[in-house]
Amino acid sequence: MAQWRPGQRAAWDGPGGAGDGGEAGGAAARPPLPDLPCFPAMHGYTKLREDLAALKFRHVADALRPPPAPGRTAFGATPRPADDDTFRVLDGLWFRGRGTRWVRVDEEYVRQVRAGWQAGDDPRADGAVAVADTLEAYARHDPMGLRRLLLWQLACLLRDADTGPTEKAAQDLGVHPDEAGCLAAAVALGFPEDGPARETAERLGDLWPDRRLRRAEKAAAQVPDTGRDHVLARLLDEVRAQRAAVHQLLDRAARLEAGGSVRAAVKARFEAVRRAGDDPAVEAGLLGAAARAADALGASDPGPHLDVVVEERTVRLTWPPPRPGVEPVAFRVVRFPDGTPADLTELAVLGGEQASEPLQHSEEDAPVGRAVRYAVVPLRQDMVAGVPLASEAVVIAPDVTGVSVSLVPDGVRLRWRADPACVEIQVERRAQEATNVWADPVECERDGLRDVPLAAGSYLYEIRCAYPGPEGGTVWSEGVQVPVRAEEWPDQVEDLVGRLVGDGDRVALTWRPPQQGLSTVVSWPSGPVRPGTDVSRRTDRTAPPSPATPEPSVEVAVPERSRVRMTALSTLGDRALTGPAVVVERPGTVRDLTAHRISVDRAAVRFEWPEPAVLVLVAWEGGGRREERRVARSRFLAEGHVAFPVTADAYRVTVAAVPRPDALAVPADAASADLPAVPVPPRLLPPGQQPSYTWRYRWRRWWPFGR
């Protein structure tokens, strides 16, 4: 058995001790190795470790040994040799006291240490006093906590030492020689290396007790458990008990909800969330229960409600503020698919201050085509602080917007804007005065429709949009109803024919009159229009009286150098439709035509362009040949002349306007000009033979001896 004396490690009389043939003396006996702590079990241990490192303290024992006053040791003890400055830690934490006494480190001892640091002049005094305050509070909470704390730090230092956990290394850290070997052997037996497991163990004291049950469970599972740490065993029991309480609350909530007590079921799930605030499954169960309670109670619930207003793809939420006098809370706004609260999306976190007005939040781009719910969760310090407010199921299926109606010949045209997520649009039409009749489907495009032919009358169009729904289904919008009034339209003029009459300067136009409405032919001032175009609102149309003949006809004078577009027009009341058109053109005669040569083999003509022609035909004939070329108006105006190849012969050049192929043209006279031939130069006779007076000839005539 063990023999214990205060301040000394118990002597072992069991196997291996002196009574069993071991070494004589209790101090030499080797008891079982000490049980090392599995974690520090201290809240704020990481901060304490950083403070000790900043003060150059290896462990808490260094902070519990203040520098003595000059000529005195700490606490008035007589000076003792430096080799006695050790401590015992295996059976409690003991420091050497006066003489040969050992002093147990407790709360009172820590207070004396703090006073010693305050009385000294060490530059680390302020930091050491703060550390002593922390250790005093820890010793008050757990009388054996300082021993546990020092054992953990010593084990970490020995495990991380370069030489490993040895007896000498333990003595260098200040451990009494009687305990240094046992401590080093215990560390070598299986204390964890530096790494994630040890870091988690040091944080475990900060994670429990706490409402974040799931985080504590995860951290506790990572801490190496030797099975001999009663503090860790107690912590694990508390965590398991908390989890069991959560399951009991969830089971109770399920029974209450099955019995119809939805409100009590929500409260039970809220209590479960208070115990496991970081468990997504538990919080999802609370949101689902709140949603089912909103469906079951509805407007009959006297409590606060979450109001939802849907405007196209915008969802506006409104809920009441917290009750006066309640500690301020924040509100987390979430959205989740109906029936699956675990798949939630956080939209915003609002509030956090006292408020007297209702709170609001809007989601501008809500998902379409599926039933979703919105919920507002009260938060305090990022934890659920109250029962959430949930909305009823909301299906976002926006209708078309910006619907406009315009009358078109023999019908109506509707235009609209569809949501980008829309996959199909259906339109139905029914007469407004008709009852108990099936609606007629109308073909449409994504952005509108043209419903022709349509009899005159009042109609009601219903436009609905389809969106992809859950499980491959389709969700349809409620639909937009658009009243429309269709009017009668005149028939279109057919068979407009024009011919030249008189001397060729007038055009007679005849057409077949429409069966419904009046008809005439007008000069159209703008560009061409397609037959059947609605021109009821054109302010530039002036229709002359319609001829009252079975085969109406009008004559139009065409001035020179002009082009006229004559368009048939049918009218009925305020409605007017265009019919076929005839273009009548009378180009002018080419004026100021001149021709001249610009080189040996090229000539050019200049003239005034015959408006409104777009082409002219230039022909030149001479030397037994005739050539011609079509010249565009744009090219002629850019160059100012027309050049063509010629020979030295005489030519006759003719220029005439070319009428448009789609126009009824009044013929215009052509202009001609002559290009004379190049004159033949006179023949010159060659000069006579001249004597060649060379120097030899002149010399012979002068020299008399050469004859």
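## Arg-660 and Asp-662

Arg-660 is partly exposed, at 23% relative accessible area. Buried means under 20% relative accessible area, exposed over 50%, and partly exposed in between, using a 1.4 Å probe and protein chains only. Asp-662 is also partly exposed, at 48%. The side chains of Arg-660 and Asp-662 meet in a salt bridge, 2.9 Å from N to O. A salt bridge here is a side-chain nitrogen of Lys or Arg within 4 Å of a carboxyl oxygen of Asp or Glu.

This is a predicted model: local features need pLDDT of at least 70, side-chain atom pairs count only at pLDDT 80 or more, and totals for chains, interfaces and linings use all residues. Residues are numbered from 1 along each chain as its sequence is written, and side-chain values use heavy atoms, with hydrogens and water left out.

## Other salt bridges

The salt-bridge count comes to 48. One of them joins Arg-88 to Asp-178, with the closest N and O atoms 3.1 Å apart. This pair links distant parts of the chain: Arg-88 lies in strand S3 (residues 87-88), Asp-178 in helix H7 (residues 177-190), and 90 residues separate them. Helices (H or I, at least four residues) and strands (E, at least two) are DSSP runs, numbered from the N terminus. Arg-88 is buried, at 6% relative accessibility. Asp-178 is partly exposed, at 41%.

Asp-62 and Arg-58 also pair through their side chains, at 3.0 Å from N to O. Asp-62 is buried, with a relative accessible area of 12%. Arg-58 is partly exposed, at 41%. Elsewhere, salt bridges link a network of Glu-107, Glu-108, Arg-111, Arg-114, Asp-133, Glu-136 and Arg-140.

## Nonpolar cores

A nonpolar core is a set of buried Ala, Val, Leu, Ile, Met, Phe, Trp, Tyr and Cys residues joined through side-chain atoms within 4.5 Å. The largest core has 86 residues. Within it, Leu-64, Phe-87, Leu-135 and Leu-183 touch the most other members. Helix H5 (residues 145-160) gives the most to this core, with 9 residues. A second, separate core has 36 residues, including Val-333, Val-372, Ile-396 and Cys-422.

What does Leu-183 contact, leaving aside neighbours within four places in sequence? The partners are Leu-36, Leu-90, Leu-151, Leu-154, Leu-158 and Val-175. Contact means heavy atoms within 4.5 Å.

## Ala-169

Ala-169 sits in helix H6 (residues 167-172). Is Ala-169 buried or exposed? At 14% relative accessibility, Ala-169 counts as buried. Not counting residues up to four places away in sequence, Ala-169 touches Leu-158, Thr-163 and Gly-164.

## Pocket and cavities

Rolling a probe the size of a water molecule over the atoms shows where empty space is left. The work uses a 1 Å grid over the protein atoms alone. A cavity is a set of points where a 1.4 Å probe fits but cannot get out; a pocket is an open set with protein on both sides within 12 Å along at least five of seven lines; lining residues have an atom within 4 Å of a point. Grid points are joined across faces, edges and corners, and a volume is the space filled by probe spheres set on the points.

The largest pocket holds about 1100 Å³. Of its 37 lining residues, Gly-303, Pro-304, Val-387, Pro-388 and Leu-389 are the closest to its centre. Helix H12 gives the most to the lining, with 4 residues. The lining divides into 25 nonpolar, 5 polar and 7 charged residues. Here Ala, Val, Leu, Ile, Met, Phe, Trp, Tyr, Cys and Pro count as nonpolar, Asp, Glu, Lys and Arg as charged, and the others, Gly among them, as polar. The structure also holds 2 cavities of 30 Å³ or more.

## Whole chain

The protein chain has 14 helices and 36 strands. Of its 707 residues, 40% count as buried. Among contacts with a separation of 6 or more, residues 24 or more positions apart account for 63%.
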